[in-house]
Each structure stands twice: as C-alpha cells, then as structure tokens.
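This report goes through one protein model by topic.

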Amino acid sequence: MRKLILATALLLPLPAFADPLIQESFPSSISIAKDGENFRVTNDSRRYQTNTLASALQDNVLLYQLLEIEQHQVSTEGPQAEQNFEEATAKVTVYPVTDQGRGAAAFTVEGKADAVTAMGNCLTLTRFGCCVEMPTYAVYSLETGKYLFNATGEGQSGQWATMGAQGGWAFERIFAIHAKITAADDELFGDEKNGAVILAYSKENEPLQRVMLVAPQDLMEKDAPLEWMPKVDLANKDNAKGTDHIYIDRAGKAEELFTGMTLRLTLDEATVIEIPVVADRLDLDAAKLPKDFSLKEMKL
C-alpha cells in the first residue's frame, strides 16, 4: 500500500513556479595571516534573509523584505592561544520585495555588532562584551530604520516591558532598560560618568523618550552596578505587584489610553525608581527617586 501511495504521488504534477523575482549572490571571504606564533583572521561574512512585518504606518499592511547582512570580524587565534576578538561591525541593507521583484534600498543600518538578528518589526545588533560586561542589544525598527533603544538583561534581546491597546501596531509601546556595565557604555552614556541606566520608551517604529538615571558618585566609585540586578515592570490599579505587559482593552487616542500606570525600575531591594506614565509620556517631574539619584532627559 505504501509503495502504491508513493508511486501515485510521483505521478502527480508538481506545482508550477514562475521564474525567480529575485536572484542574487553575496560571497563571503576570509583572510588568515601569520601573527607571531598565532594567526590573524579577518572574516567578512555575507548573507541574505527575508522578513515579514506588520506596518504601523500603513494600517497594519504586511510588508515583505529582503535583508542584505554584512558582518566584519577580526580575531587572533591559534592552536595554543585563546581566541581574541577585536571590535566587530555589521551593515544591514533593507529592500522591499514586491510582485515586480526587489525594490530600491529602503534604508541601511550600521553599527558595532558581534551578532545580527532580524524578526518581525525588530532588527537587533548584539555586542557580547567580555569579562564583567553584560551583553547589550541595540534594537532598530525594520519598518523605518530608526534606532529605538539598547537593552540589557536576560534573553536574546534584553529586558522589556510592553503595553498595548486596540488599534493594532500603532498602539504598541515598549519600555526597555540599558544598564551598566557593557561594551557600549562609553557611546551611550557619553560624558556622564555617573550614568547608571538608560530607560527607553518607544513605539515599534520610532522612539518616544530616552531618559538617563544618574546615580550618586560615591555609589559609582564603589562599582555599585556590579551588585545591581536591574529589573523593569509596570504597575497600575489592576497590577499593583507589577507585570511585564499591560493591555488596554479599548480604542482611543494614545494620550487617553497610555496613562495612569507607573514604570518601576528596581536595582536592588533598597533601590527602586518609579516614574508615572501620563498622556503617553514618562512624567519625570512626578518620579519617585532614592536619595541623590536624578533623571535626565536625553535627545532622541
């Protein structure tokens, strides 16, 4: 019976596929040079990836994309040496795919990255760091190409808390935190040596706010970030103990929906920061802070 079924299947006509809409090649390269007793390896890897996302700009239309991903990495290694990586970079070019084939490049994202992942609405450039450094995840919108935030914490994209409401992707909100110590701190905190955490409030396709938590100098001199275990959650009248997601089951304007909740950042049992969300904004003036901590609004 199995042989009969197989023979029948082989006789059935195969589905007809049209000629390819897109056919590309994107070669990788590697260069290995002697460096004393070890080897210096330069690896330029290139690959393609497709992606589907729900547009927040076009009434939740599904968009199909082709991503051209280039990664550059240099390392020193050898049979009796620990592999030592230099700073790696990535370049991602995003093209729309239509019935006519590949369109013109929509945007390009470039940055320092040990790994690149893309799924749905988000492109993530990851820097692993070394020693005491935590990984940090730079997240970009795959719809607009805009930089949204950096996040640290457990998981493959860091720690987020989210809100949603009726109305689709345009009514999604993300809270993310980047906490010291990571390989990206010098770039993200700039000249603020006592910057401890960056809080981000974002849509799926554009940032809304970016706020820096500045800690007392004596704590930073004692390397307090090494002892902290940062956690972010949201609280409202229905979630007094905190949750990582709040859904508002009604329609309306964002200013009317995303209000009346509190973003809570916990560094340790004794160090908790609370910032009210009012009319789709973090209300810094009404924030509750531990002694000698402060909040600073950052440019987007």
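## The six-strand sheet

Six strands make up an open sheet with mixed pairing, in the order β17-β12-β13-β14-β15-β21. At its edges are β17 (245-248) and β21 (294-297), each of which pairs on one side only. On average, neighbouring strands of this sheet are turned by 15° against each other, direction ignored. Strands (E, at least two residues) and helices (H or I, at least four) are DSSP runs numbered from the N terminus, and two strands pair if DSSP finds at least two bridges between them. The angles run from 0 to 180 degrees between N-to-C directions, with axes as lines fitted to C-alpha atoms, for helices over the stretch in contact.

The model is a predicted one: local features need pLDDT of at least 70, side-chain atom pairs count only at pLDDT 80 or more, and totals for chains, interfaces and linings use all residues. Residues are numbered from 1 along each chain as its sequence is written, and side-chain values use heavy atoms, with hydrogens and water left out.

Strand β12 (residues 160-165) and β17 run parallel and are joined by four bridges. Ala165 has Ile248 in β17 as its bridge partner.

In a regular strand the side chains alternate between the two faces of the sheet. Buried means under 20% relative accessible area, exposed means over 50%, and partly exposed lies in between (1.4 Å probe, protein chains only).

## Salt bridges

A salt bridge is a side-chain nitrogen of Lys or Arg within 4 Å of a carboxyl oxygen of Asp or Glu. By this rule the count comes to 15. One of them pairs Glu87 with Lys112, where the closest N and O atoms are 3.3 Å apart. Because Glu87 lies in the loop between β4 (81-85) and β5 (89-98) and Lys112 in strand β7 (residues 107-112), this pair ties together parts that are 25 residues apart in sequence. Glu87 is partly exposed, with a relative accessible area of 48%, and Lys112 is partly exposed at 33%.

Glu87 also forms a salt bridge with Arg127 (3.0 Å, N to O). Arg127 lies in strand β9 and Glu87 in the loop between β4 and β5, so the pair ties together parts that are 40 residues apart in sequence. Arg127 counts as buried, at 8% relative accessibility. Another salt bridge joins the side chains of Asp233 and Arg264 (3.1 Å, N to O). Asp233 is in strand β16 (residues 231-235) and Arg264 in strand β18 (residues 261-268), so this pair ties together parts that are 31 residues apart in sequence. Asp233 and Arg264 are both buried. Salt bridges that share partners join Glu87, Lys112, Arg127 and Glu187 into one network.

## Thr124 in strand β9

Thr124 lies in strand β9 (residues 122-127). Thr124 is buried, with a relative accessible area of 6%. Leaving aside neighbours within four places in sequence, Thr124 is in contact (heavy atoms within 4.5 Å) with Ala115, Val116, Thr117, Tyr137, Ala138 and Val139.

## A nonpolar surface patch

Ile30, Ile32 and Phe39 form a nonpolar patch on the surface, with about 290 Å² of accessible area together. Patches are made of residues with over 30% relative accessible area and no salt bridge; like charges are joined within 9 Å, and nonpolar side chains (Val, Leu, Ile, Met, Phe, Trp, Tyr) within 5 Å. Accessible areas come from the Shrake-Rupley method with a 1.4 Å probe, and for residues only the protein chains shown count as cover. Ile32 lies in strand β1 (residues 29-35) and counts as exposed, at 55% relative accessibility.

## The chain as a whole

The protein chain has four helices and 21 strands. Its C-alpha atoms fill a box of roughly 75 × 65 × 45 Å, taken along the principal axes. Of the 300 residues, 42% count as buried. The chain exposes about 17100 Å², and carbon and sulfur atoms supply 52% of it. Among contacts between residues at least 6 apart in sequence, 50% join residues at least 24 apart.
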